[in-house]
Amino acid sequence: MARKNSRELGEKPIGKLLIQQALPASVGILVMSLNVLVDTIFVGNWIGPIAIAAINVVLPVSFFIAALGMAIGIGGSSIISRALGAEDQPKALKTFGNQITLTILLAIALVVPGLIFVDDLIPAFGGKGEIFDPAKIYYIIVLCGVPFLALAMMGNNVIRAEGKPRFAMTAMIIPSVVNLILDYILINQLNMGMEGAALATTASYLCCLGYIIWFFLSKNSELKISAAHFRLDFPILKEISSLGVVTLARQAVVSVTYLLMNNILFDLGGAELVTVYAIIARMLMFALFPVLGVTQGFLPIAGFNYGAGKYPRVRKSINTAILYSCIMGLMIFLGIMFFAPGIVRIFTSEASIIEQTPSAMRWVFAAIPIVAVQLIGAAYFQAIGKAVPAFLLTLSRQGFIFIPLILILPIYYGEIGVWISFPIADVLSTIVTAFFLNREIVKTLK
């Protein structure tokens, strides 16, 4: 039964298959995004707007370590998808075992120094002035739980590589539900403040990992590994790393972006402007859930069919994924343009923040309808195991274009220079990705 599910990736009609894969991924991302969104609303209303800024300061560090698991998961899952497509079960098992070992070793290696240098890292990421103390409380507790999140992120991508999107969706829903329930109990009822918010988040990571462990031990998974599979294998590690570094680099750039944005905005407008960005960042995570869901659903389809040599199906999956994503991106754009003020009022009652945020949010979302081309294009190269173009295209948006823009434009245009950097980076990176994706289709997938 498990093997039959993975074979469906190479047999079912692409449109139906993409919906089947993307819908659970979208629901899972939606629930996780709602978790972040509602968590921010709870924190903003029950603790205060400074708490929102404090959590935003901690995100770059915890995101980067959790991204290790995601990077190893996506890198290894590309190998697993292609191995299952080529009916190479031993390679799939060995890859999965190596993913687990590598995630544990790297997560611990980063968490320990992260705790040792806490007083230096928090100010470096924008936790200055009145933001420092609540950020430190949140940081220490959450960082202790990040290894659980790293393992969960890795395992979730492997579940998806097996063609089991519903189980992957459930794994994403569980921590969201747990976090929101514990937020209410620990923050609202027990008045534990930032400690309560951090404990709720950490407990949710542990519950997510528990479910994923159950999945792989159950009959639902076809990846039944033994102790020998955990032994590190250099060729497999090299392949995981070459593909996983794409995701890790993307998340590293996200962390650097948070660092720069928090510091630049703090210098321009203090903690208040950091809060404005925190609200917009949460909306970016939330609003893009259908586009990210299609991207997640596209990965195993493209990888499996490429491994099986079914190139017409790969082409079809690219075109269908871009079409679906662009339509949803347009709907997101229209929603933000019309409802931005009402959205901001959900997070806070601070008049100055309500006044500043809507216009900034509209600039940030201005090019969302076309950004799907960039996401799907970069994901395609990762799915088929072409690490170099995947790496370069993934970094093109935030690393090569956005970061230079936010360092230069605010010098001349102030705060507005920060916000207009978002659509400019989206447009330029989409043009670059479209060029290389089209060239690859013409050259390889005929």
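Before you click anything, one term: a polar contact is a pair of N or O atoms within 3.5 Å, and within protein one of them must be able to donate a hydrogen and the other to accept it. Keep in mind, too, that this is a predicted model.

**Stop one: Glu162.** Select Glu162, which sits in the loop between helix H6 (132-161) and helix H7 (165-189). Is Glu162 buried or exposed? Glu162 has a relative accessible area of 0%, so this residue counts as buried. Now show the side chain of Glu162 and follow it to the backbone nitrogen of Glu222, which it reaches at 2.8 Å.

**Stop two: Phe96.** Next, pick Phe96, found in helix H4 (residues 89-116). Phe96 has a relative accessible area of 4%, and since buried means under 20%, Phe96 is buried.

**Stop three: a pair of helices.** Finally, colour helix H14 (residues 387-413) and helix H15 (residues 415-444). Their axes come within 8 Å and cross at roughly 150 degrees. Angles over 145 degrees count as roughly antiparallel, and H14 and H15 are therefore roughly antiparallel to each other. The crossing of H14 past H15 is right-handed. Colour their contact by residue class and you'll find 17 nonpolar, five polar and three charged residues.

Definitions and conventions: Residues are numbered from 1 along each chain as its sequence is written. This is a predicted model: local features need pLDDT of at least 70, side-chain atom pairs count only at pLDDT 80 or more; totals for chains, interfaces and linings use all residues. Side-chain values use heavy atoms; hydrogens and water are left out. Axes are lines fitted to C-alpha atoms, for helices over the stretch in contact, and angles run from 0 to 180 degrees between N-to-C directions. Helices (H or I, at least four residues) and strands (E, at least two) are DSSP runs, numbered from the N terminus. Angles under 35 degrees count as roughly parallel, over 145 as roughly antiparallel, 65 to 115 as roughly perpendicular and the rest as oblique. A crossing is left-handed if the near helix is turned anticlockwise from the far one by less than a right angle, and right-handed if clockwise. Ala, Val, Leu, Ile, Met, Phe, Trp, Tyr, Cys and Pro count as nonpolar, Asp, Glu, Lys and Arg as charged, and the others, Gly among them, as polar. Buried means under 20% relative accessible area, exposed over 50%, partly exposed in between (1.4 Å probe, protein chains only).
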